Amino acid sequence: MDVDTIFALSSGRPPAAIALVRVSGPLAGPALRQLAGRLPAPRRASYAWLKDPASGLVLDRALVVWFPGPATATGEDCAELHLHGSRAVVAAVEDVLAGLPGLRAAEAGEFTRRAFLNGRIDLAEAEGLADLLEAETELQRRAALAMAGGSFSRLIDAWRERLLRLSAQVEAALDFSDEDDVDDGRTSECVVKCGALAGEISEWLVRPRAEVLREGLRVVLAGPPNAGKSTLFNVLVGSEAAITAASPGTTRDVLVRSVALDGIPFCFVDTAGLREDSAGEVEAVGIARARTEAAGADVVLWLGGKGEGPVGVPVWEVTAQCDRPDRVGKVGAHFLLSALTGEGVAGLRAALVAHARGAMPVPGEVALNARQHEHLASVRSALEAATSLFDPVLVAECLRSARSGLDRLMGQTGTEDMLDTLFGRFCIGK
Ligand code: GDP
């Protein structure tokens, strides 16, 4: 199959001190030779005058590097052009590259996609890389680096090996039972090992997930109108983000703000007041959304009557506006605070941070995303199913299904759609 040679600006948008243009594909070498007049020694940076091969016009004086494949980032022949980072230089070089036969501009994530297709990285590493490029907080960076560095991939490889050994053991038991119609103990031993592996996988499945790292701990402020939600929300997010007013029902929809407290990502959500007898239709929509938000919360700060908050989610009872003499604190409320005077706010913040620390992945450890979690859960189910079986034929089938779950997890089998979505997250040039 003919593979296009692709090129793209891989560094940030010009103007910049340096602009890095990468070229990958079978014609990367000839392209570099045409521009630089020669092919430099592999993997050594060298200076070259870059010229338009058609007109002989000098484009730039650049540092160029030649990486012959397959031991390259993409697994293909690659060239790097470290140009002066002006728009005009980048545009001139890109124009010349686009004019060379067999070369075309890369699509978003195409370099990484090629790295994946050529086996240079697996799907988990590619996902880690996408997260690393999007990382905004220290916790996100460390988790993404762990995933991109292959520590999870190595664990999966080890699990796959164990599954293969178990399969071999069951196949042996199968041969045996064909002859004598008895199990020599190999199947039952294998079933015990399946249970042990399922247990190990379970430990991974209960760990905090990557989403909470990206989206932050979701804290929803809920309660009746005028309870003080918007005022407290503003104090917590540290800005005048929400509209506050004395008339009930001002926060018609939900307001979402992402902030980091002590370096931990939080997502605070201010909701419309929960009122059964709401007046307007718009407010009714807001209230419906408030209920949905509360249902998806990691923590609900409930500013209403004690025990009247949403069910099925962790609810922290809050008595707000405690500076008002007419306010009677809820009996046994976790938090008694005033957004106006600041009383109790630091305590609430500290409690949220402490809670979030427990709900976030351990710094530097791999955290599973939804897709990885789903496939790993299917592997565990297959292994658990095996533990209740005695027939080696059925156990072998469960093991096959567990192995195919691991293959899907690592992208050895998967759909194009999923790959399009993943690599679409990358920018052009990555
Ligand atoms: P929401 O409808 O629950 O969002 O309530 P708001 O935050 O809009 O507050 C309703 C009213 O109570 C506004 O007039 C606020 O100024 C006032 N308020 C909010 N928090 C406090 C507080 O801690 N102390 C006092 N004294 N008033 C507050």
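Q: Which residues of H3 are buried?
A: They are Glu110, Phe111, Thr112, Arg113, Arg114, Ala115 and Phe116. Buried means under 20% relative accessible area, exposed over 50%, and partly exposed in between, using a 1.4 Å probe and protein chains only. A helix here is a DSSP run of H or I with at least four residues, a strand is a run of E with at least two, and both are numbered from the N terminus. With 7 of its 8 residues buried, helix H3 (residues 110-117) is mostly covered. Just after H3, glycine 119 has a positive phi of about 75 degrees.

Before going on, a note on where the values come from. This is a predicted model, in which local features need pLDDT of at least 70 and side-chain atom pairs count only at pLDDT 80 or more, while totals for chains, interfaces and linings use all residues. Residues are numbered from 1 along each chain as its sequence is written, and side-chain values use heavy atoms, with hydrogens and water left out.

Q: What makes the pair asparagine 369 and glutamate 127 a polar contact?
A: Their side chains come to 3.3 Å. A polar contact is a pair of N or O atoms within 3.5 Å; within protein, one must be able to donate a hydrogen and the other to accept it, and residues adjacent in sequence count only if both atoms are side-chain atoms. The side chain of asparagine 369 also has a polar atom 2.8 Å from the backbone nitrogen of glutamine 372.

Q: Why is strand E7 described as largely enclosed by the rest of the structure?
A: Because 5 of the 6 residues of E7 (residues 217-222) are buried.

Q: How do you know that E7 pairs with strand E9 and with strand E10?
A: Two strands pair if DSSP finds at least two bridges between them. E7 has 5 bridges to E9 (residues 264-270), running parallel, and 4 bridges to E10 (residues 299-302), also in the parallel sense. Leucine 221 has aspartate 270 as its bridge partner in E9, and it stands opposite leucine 301 in E10.

Q: What makes the lining of the largest cavity nonpolar, polar or charged by class?
A: The lining residues are Val23, Ala28, Ala31, Leu32, Leu35, Ala79, Leu81 and Leu97. Ala, Val, Leu, Ile, Met, Phe, Trp, Tyr, Cys and Pro count as nonpolar, Asp, Glu, Lys and Arg as charged, and the others, Gly among them, as polar. The tally is therefore 8 nonpolar, no polar and no charged residues. Helix H1 (28-36) and strand E5 (78-84) each supply at least two of the lining residues, and H1 gives the largest share, 4 residues.

Methods
On a 1 Å grid over the protein atoms alone, a cavity is a set of points where a 1.4 Å probe fits but cannot get out, and a pocket is an open set with protein on both sides within 12 Å along at least five of seven lines; lining residues have an atom within 4 Å of a point.
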